[in-house]
Amino acid sequence: MTVYIALLRGINVGGKNIIKMADLKRVFESIGLCEVKTYIQSGNVLFKSNESEESLCNKIEHEIEAVFSIPVKVILRTSMELEQIISNCPFSKDEVTEAETLSEVESLYIALMTRNPLKENIECIDVYRSESDKYHIVGRDIYLLFHHSIRNSKLANNLNKLNVPITVRNWKTLSKLSALAKSMEMKCH
């Protein structure tokens, strides 16, 4: 069985689309997913399944909408994909340290997309790249480095121009999810 991490877009943000993690866990279990675990309130769910990514996304999105009446986009990564994201950070340790020194808050984020963005859409966000807002796109993941804050970032505020369903997590959250997924895989062997 594959260990998957489901990243739900836009739940429990700013008091909107509130879903309790215990309820979310039950929904995942009700559609036959195994060893379901949730991590923090932003909608991160780890589970095991033999199904394909596309089939799982459709099933999960349908069930969440049916149970909570909230249309939610689900972005999936396997444990292996998450591990690659963590080990392939294109920013140097120095770049990250410099950004963290200048910022009061998290600096390094990953935006996860359902599919690769089109080249012309990437050009639309390229104008927002600056010394203080940097990005690297690797397949369907975008590494984002902010020297001030993601909140005031023109780059972050214009990621929707990529025209692909996208959800953003900070580096600490993704690192923790990767570690949790790895420990779930260990139990398989």
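1. Serine 153 sits in the loop that runs between strand E7 (141-146) and helix H6, where helices (H or I, at least four residues) and strands (E, at least two) are DSSP runs numbered from the N terminus. With a relative accessibility of 2%, serine 153 counts as buried; buried means under 20% relative accessible area, exposed over 50%, and partly exposed in between, with a 1.4 Å probe and protein chains only. A polar atom of the serine 153 side chain lies 2.9 Å from the backbone nitrogen of alanine 156, and a polar contact is a pair of N or O atoms within 3.5 Å, of which, within protein, one must be able to donate a hydrogen and the other to accept it, while residues adjacent in sequence count only if both atoms are side-chain atoms.

2. Some conventions should be kept in mind. The model is predicted, so that local features need pLDDT of at least 70 and side-chain atom pairs count only at pLDDT 80 or more, whereas totals for chains, interfaces and linings use all residues. Residues are numbered from 1 along each chain as its sequence is written, and side-chain values use heavy atoms, with hydrogens and water left out.

3. The largest pocket holds about 680 Å³ of space. Here a pocket is an open set of points on a 1 Å grid over the protein atoms alone, where a 1.4 Å probe fits, with protein on both sides within 12 Å along at least five of seven lines, and lining residues have an atom within 4 Å of a point; grid points are joined across faces, edges and corners, and the volume is the space filled by probe spheres set on the points. Of the 22 lining residues, Val13, Ile150, Thr167, Val168 and Arg169 lie nearest the centre of the pocket.

4. Helix H6 (154-157) and strand E8 (166-170) each supply at least two residues of this lining, and E8 gives the most, with 5 residues. By class the lining has 12 nonpolar, 6 polar and 4 charged residues, counting Ala, Val, Leu, Ile, Met, Phe, Trp, Tyr, Cys and Pro as nonpolar, Asp, Glu, Lys and Arg as charged, and the others, Gly among them, as polar.

5. In helix H7 (residues 171-186), asparagine 170 caps the N-terminal end, with a side-chain oxygen 3.1 Å from the backbone nitrogen of lysine 172. The buried residues of H7 are Trp171, Thr173, Leu174, Leu177, Ser178, Ala181 and Met184. Seen down the axis of H7, these buried residues fall within an arc of 160°, so they line one face of the helix; the arc is that of the directions from the helix axis to the C-beta atoms. Lys172 and Met186, on the other side of H7, are exposed.

6. Two residues other than glycine have a positive phi. Asparagine 17, with a phi of about 50°, lies in the loop between strand E1 (2-8) and helix H1 (21-30) and counts as partly exposed at 36% relative accessibility. Serine 69, with a phi near 55°, is found in the loop between helix H2 (53-68) and strand E4 (74-78) and counts as exposed at 60% relative accessibility.

7. Serine 103 belongs to the loop between helix H4 (93-102) and strand E5 (108-113) and, at 7% relative accessibility, counts as buried. A polar atom of the side chain of serine 103 lies 3.0 Å from the backbone oxygen of valine 105.
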